[in-house]
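Try each task before reading its solution.

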Number of protein chains: 2
Amino acid sequence: MQQVTVVYPNKAEAKFDFDYYMKKHIPWVAGLLGKKIAVRRGISSATGSTAAFVCVASIPIESVSEFQALFLQHGTAILADIPNYTNIEPIVQFDEIVA
Amino acid sequence: MQQVTVVYPNKAEAKFDFDYYMKKHIPWVAGLLGKKIAVRRGISSATGSTAAFVCVASIPIESVSEFQALFLQHGTAILADIPNYTNIEPIVQFDEIVA
């Protein structure tokens, strides 16, 4: 089993509207893709300082090629919504779920 | 619900022994902490280049303070095992599981 992982690294002057993200972006993307999306919000680093990652989202997928076909269809619209909630450029990668 | 997230960012000359990590480190840490540990292994970036994160592990916890008490007890031993499988310094943070 694989997943798409979307990581929003913190940076100076980072903005992230979690209200918009959780109420509009995530439900809308989940509907477009027909997938569940898991969301983790950074609280703090291990030592209590600012968390390195503001948010990490993951989407379980059947395969990389299945997701690429979905993204070809909906990717442009999804990417265009990002500036509505953040000025962070997310890092996106494919992961193998090994445990 | 919260989790500890451990991220291993890729770097030049990165080494990561997944065999040791999955067969020794993870089962041993899971036993020490009495926790399940989820592991995701980076396959590639969204565009097919090297994944930014070699590995992401997450541990669901009751609370930050519960985990801090566990880590006070076992942290030194756990950290000392890291050089046995990687030369990457992991980024560790606390996350809120929001979806």
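**Exercise 1.** How many salt bridges does the rule find across the interface of chain A and chain B?

*Solution.* The model is predicted. Start with the criterion: a side-chain nitrogen of Lys or Arg must lie within 4 Å of a carboxyl oxygen of Asp or Glu. Apply it across the interface of chain A and chain B. The rule finds 0 salt bridges there. Now turn to polar contacts. Between chain A and chain B, 20 residue pairs are in polar contact, with both residues at pLDDT 80 or more.

**Exercise 2.** Which strands of chain A each supply at least two residues of the side that touches chain B?

*Solution.* Three strands of chain A do: β1 (2-9), β2 (38-45) and β4 (91-97). β2(A) gives the largest, with 8 residues. Then sort the residues on this side of chain A by class: 16 are nonpolar, 6 polar and 4 charged.

**Exercise 3.** State how much area chain A and chain B bury between them.

*Solution.* The two chains bury about 2400 Å². Of this, 62% is on carbon and sulfur atoms. Look at chain A: A:Arg40, A:Phe53 and A:Gln93 lose the most area to chain B. Together they account for 24% of what that side buries. Finally, count residues in contact: 26 from chain A and 26 from chain B.

**Exercise 4.** In what sense do β2(A) and strand β4 of chain B pair, parallel or antiparallel?

*Solution.* The pairing is antiparallel and runs over 5 bridges. The strand in chain B covers residues 91-97. Take one residue as a check: A:Ser44 has B:Phe94 in β4(B) as its bridge partner.

Technical notes: Residues are numbered from 1 along each chain as its sequence is written. Chains are lettered from A and ligands numbered from 1 in the order in which they are written. This is a predicted model: local features need pLDDT of at least 70, side-chain atom pairs count only at pLDDT 80 or more; totals for chains, interfaces and linings use all residues. Side-chain values use heavy atoms; hydrogens and water are left out. Contact means heavy atoms within 4.5 Å. Buried area is the accessible area (1.4 Å probe) that two parts lose on being put together, summed over both. A polar contact is a pair of N or O atoms within 3.5 Å; within protein, one must be able to donate a hydrogen and the other to accept it, and residues adjacent in sequence count only if both atoms are side-chain atoms. Helices (H or I, at least four residues) and strands (E, at least two) are DSSP runs, numbered from the N terminus. Ala, Val, Leu, Ile, Met, Phe, Trp, Tyr, Cys and Pro count as nonpolar, Asp, Glu, Lys and Arg as charged, and the others, Gly among them, as polar. Two strands pair if DSSP finds at least two bridges between them.
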